[in-house]
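Good morning, colleagues. Please turn to the structure on the screen while I take you through how its chains meet.

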Amino acid sequence: MMSNQQKTQFTLTELVSGLDVSIVGNADCLIHGVAAIQKAEPGQIAFLMNPLYKKHLATTNASAVILTKEDSSACPTNAIVCRDPYYIYAKIAANFAHKPAVNLGVHPSAVIGDECDIDPSASIGAQCVIGNGVKIGQNVIVGSHCSIGDFSEIDEGTVLHANVTLYPRVKVGKRVSISSGTVVGSDGFGIAKHDGVWHKVPQLGSVIIQDDVEIGANCAIDRGAIEDTIIGKGSKLDNLIQVGHNARIGEHVAIAGCVGIAGSATIGNNCLIGGGAGVGGHISIADNTMITGFTAVTKSIREAGVYSSGVGGVVTNLEWRKNSARLHRLEQLSQRIKTLEFVVRELIESKET
Amino acid sequence: MMSNQQKTQFTLTELVSGLDVSIVGNADCLIHGVAAIQKAEPGQIAFLMNPLYKKHLATTNASAVILTKEDSSACPTNAIVCRDPYYIYAKIAANFAHKPAVNLGVHPSAVIGDECDIDPSASIGAQCVIGNGVKIGQNVIVGSHCSIGDFSEIDEGTVLHANVTLYPRVKVGKRVSISSGTVVGSDGFGIAKHDGVWHKVPQLGSVIIQDDVEIGANCAIDRGAIEDTIIGKGSKLDNLIQVGHNARIGEHVAIAGCVGIAGSATIGNNCLIGGGAGVGGHISIADNTMITGFTAVTKSIREAGVYSSGVGGVVTNLEWRKNSARLHRLEQLSQRIKTLEFVVRELIESKET
Amino acid sequence: MMSNQQKTQFTLTELVSGLDVSIVGNADCLIHGVAAIQKAEPGQIAFLMNPLYKKHLATTNASAVILTKEDSSACPTNAIVCRDPYYIYAKIAANFAHKPAVNLGVHPSAVIGDECDIDPSASIGAQCVIGNGVKIGQNVIVGSHCSIGDFSEIDEGTVLHANVTLYPRVKVGKRVSISSGTVVGSDGFGIAKHDGVWHKVPQLGSVIIQDDVEIGANCAIDRGAIEDTIIGKGSKLDNLIQVGHNARIGEHVAIAGCVGIAGSATIGNNCLIGGGAGVGGHISIADNTMITGFTAVTKSIREAGVYSSGVGGVVTNLEWRKNSARLHRLEQLSQRIKTLEFVVRELIESKET
């Protein structure tokens with residue numbers, strides 16, 4: 001049924017309820033949506049965080065702007081004044097998010113295994129396949145087409161979007177979100193070569209996803225070889241990310257899209273990993289480290305800081321071809337300097353004599 | 001039922017119907033398949049485009065060859081003479097493509113939401129789950145196991161292969177093709193750190209896929225944060241591509257496999273992006289730009305051209321280790337040159353005095 | 001039903017049955033699991049391969065250790081002595097692997113096409129969709145939510161995990177394993193530009209996956225344009241790997257995660273390709289070649305060896321910025337050397353005259 005009539009407009013007072021902000025202007029002003037500050041129309045709320053957008057403040061048509069105290073004096077309209085406008089925006093914008101109709105209980109087309117423990121407040125979507133001995137907690141939402149392997153556990157408030165695959169014995173914490181296409185708990189890449197042939201090494205561990213983790217679409221999180229692969233509390237992963245077996249990702253780590261974390265890597269707490277980066281096997285990265293996008297982390301990082309690899313920047317293809325030539329020409333330049341040093345020494349000596 | 005008996009051979013006249021070509025030789029020659037020019041057998045048609053393959057023309061066993069006027073004089077068999085042999089090949093080869101049996105209407109195992117508008121000429125495959133308020137146009141084919149979110153719209157002639165996931169409110173244009181495993185409209189990677197903890201920033205926009213777009217397998221196209229993520233008309237994406245929230249990909253862009261386009265990036269019309277490349281967040285790329293494979297685009301490109309990053313070429317691991325050493329030795333070489341310049345100046349001055 | 005009571009402990013004699021090893025100590029010792037040598041507890045078996053872990057041997061609490069003859073003298077507990085401990089570990093650990101309950105036959109929720117030939121010993125999971133004319137051999141296991149296209153063939157002993165998509169006419173050999181989310185046989189990226197617009201080039205070949213291949217999660221293996229894409233016998237692919245159309249991967253190749261193999265690339269036998277690497281289109285790589293992680297293979301490799309690209313190693317972002325500057329400063333250094341050479345030559349000549 002489509003009957004979940006969602007409230008579509010709110011007063012500023014309603015929007016900031018529970019948030020540590022102050023309203024300057026008309027607290028009863030009605031807001032029906034969000035917009036970028038330079039594009040907002042009456043009835044919309046915008047936020048100002050990036051100094052580059054400050055120039056749009058004077059002329060914004062937004063009915064309200066979320067901004068810092070510092071910027072508030074220049075605000076031509078109602079203001080939500082706060083310490084961290086992007087965070088406050090996130091909280092306010094949640095009121096305008098599309099809330100899908102969720103049917104409590106198990107959809108009749110779902111296939112449920114034996115001896116499952118599914119909380120009555122949970123929602124199991126159409127065409128799901130739930131294995132044996134699975135535990136699903138309060139208010140969990142499992143989207144359509146999810147496969148949940150035997151003995152997996154999903155704790156309260158977690159959302160699996162459509163088409164997520166959990167292998168057997170995976171443990172997912174509270175308030176986790178996993179987007180479509182993501183696979184959790186497939187076998188790690190364990191192979192042993194013997195007499196010229198690769199043999200599979202059984203992957204006996206599992207995956208533990210701690211509370212408040214978010215994982216994007218089409219990721220692959222492998223189960224551990226002996227112990228478990230772990231994704232720490234509050235960490236956020238974008239799309240198309242691989243996490244190899246036995247990897248341990250710390251708490252409150254953010255990993256952008258297309259990153260590969262190889263097996264047995266350890267990422268400390270509060271790390272940031274940019275898009276397209278890779279972390280090699282058995283590597284450790286210290287807490288609070290930032291890895292810039294496209295970086296190949298080929299050795300452990302012991303100290304917090306910002307790290308990169310390669311030679312920076314995109315250039316014309318012509319320049320790029322030269323870069324390579326330059327590197328290799330160095331040998332020759334080095335030789336020429338050596339010759340010069342020799343000749344100059346000769347000159348000086350001949351002069352002195 | 002398997003009754004769609006597909007025609008399996010064609011005369012040259014039938015094959016070129018509607019194409020701007022001329023036939024030299026026997027227009028009634030029967031063709032039952034395509035092959036590479038050097039491997040073709042009688043009854044097959046080949047094409048010649050790449051000059052490297054010209055040497056195979058004289059000895060080909062193909063019953064017909066698609067080629068330019070320039071090459072036609074050397075053709076030992078029937079010729080389809082045209083301006084653009086690869087394009088003409090594409091059109092002719094389509095006759096030999098496997099056309100799957102498509103059952104009109106909704107498969108009985110599919111689960112359809114409320115208030116959907118599904119054209120009777122559309123085909124909804126087995127085990128699909130269609131949300132509420134979904135619109136599906138004429139001749140649309142939705143493969144098995146697709147999930148279509150609430151209020152999404154799919155325009156006429158579009159094909160979703162098996163196991164495609166559309167989140168709610170995604171708009172897909174006419175004649176679009178999306179391959180298996182691809183996820184469209186999952187939440188963008190919007191997170192705000194507050195008091196040491198990441199908070200989700202609601203992703204209120206959606207995704208618009210314009211007409212004639214093709215998207216390969218296992219891609220992830222995120223919905224926008226405030227406005228929509230857009231993939232422009234006629235653009236073609238290969239497999240395992242990420243398109244971040246708010247990205248705008250122009251028209252007739254081709255993107256090879258394993259590319260990551262970060263959030264809020266803007267790619268101009270007619271761009272080519274090679275495999276494994278990455279485009280950073282908030283970057284703009286001018287129309288008609290070519291990015292070579294494996295390039296990290298770390299700043300905006302204002303002018304059309306061919307661009308690359310890093311230092312070119314694969315080398316032995318030994319050489320690669322030297323490259324790094326060379327770069328760092330530069331500091332020392334620079335110092336030695338400075339010393340030489342000083343000494344030589346001294347020599348000259350002492351000579352002059 | 002959950003009745004498949006799995007044996008949970010074994011004597012050493014049982015564990016090594018059929019393996020070329022010797023037991024030193026108590027062959028009747030009972031083992032109920034595996035562990036890392038430094039963490040093992042009584043009742044567990046560990047292995048010793050990496051010399052770095054040798055220091056843990058003397059103090060291990062494992063009830064048995066798998067090790068080489070060389071290390072066996074220092075073993076404080078029961079020993080499984082063998083030539084290749086990691087391989088023997090792989091074989092022994094298989095006894096402790098979770099064996100999911102498999103129901104023979106076709107799950108009632110699966111949708112099966114016409115004229116399929118499904119061996120009665122095969123298992124077709126819940127919610128599968130099997131096309132027309134599909135052949136499935138002895139003891140094949142097809143997980144839940146798999147889509148198998150028309151006329152595909154899966155040979156005996158193969159396992160498709162949940163949610164694998166095979167397009168039509170794909171051939172999968174014996175004892176193959178394909179993990180969840182992987183798509184095999186989607187159209188290759190064949191496009192021809194004509195009058196400013198991309199046209200699809202039909203992809204008429206298919207995919208052949210030979211015996212004993214393993215493919216990880218969320219990979220995309222494209223069908224060939226004219227001939228078939230082939231993955232050779234015994235090759236092992238990790239997660240999130242793209243294999244482009246017409247690619248031919250040799251036998252016993254191992255490819256780590258996040259690798260892209262572009263169209264028409266040929267990888268020789270016994271190659272190793274590290275994580276995050278990429279192989280360009282139409283490139284050949286010789287047998288027994290190793291490509292290190294993150295390498296862009298931009299030209300063919302004719303000779304076995306270890307290959308890499310770029311400039312090695314992760315460095316601080318500051319250093320990375322300098323690297324780029326250094327490369328470009330080379331032009332200027334080169335000019336200064338040239339000037340010095342000229343001046344010194346002048347000095348010498350003036351001296352000689």
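How many strands form the open sheet, and in what order? Before I answer, a note on conventions: residues are numbered from 1 along each chain as its sequence is written, and chains are lettered from A and ligands numbered from 1 in the order in which they are written. This is a predicted model, in which local features need pLDDT of at least 70, side-chain atom pairs count only at pLDDT 80 or more, and totals for chains, interfaces and linings use all residues.

The open sheet is formed by 12 strands with mixed pairing, in the order 40(A)-39(B)-37(B)-34(B)-31(B)-28(B)-25(B)-20(B)-17(B)-14(B)-11(B)-8(B). Helices (H or I, at least four residues) and strands (E, at least two) are DSSP runs, numbered from the N terminus; two strands pair if DSSP finds at least two bridges between them. The edges are strand 40 (314-316) of chain A and strand 8 (105-106) of chain B, each pairing on one side only.

Within chain B, strand 34 (residues 272-273) pairs with strand 37 (residues 290-291) in the parallel sense over two bridges. There, Ile273(B) stands opposite Ile291(B).

Strand 39 of chain A, by contrast, pairs with strand 40 (residues 314-316) of chain C in the antiparallel sense, over three bridges. Ser309(A) has Val314(C) as its bridge partner.

Finally, the contact between chains A and C takes 65 residues from chain A and 67 residues from chain C, counting C-beta atoms, placed from the backbone, that lie within 7 Å. Helix 4 of chain A gives the largest share of chain A's side, 10 residues.

How values were computed:
Contact = placed C-beta atoms within 7 Å.
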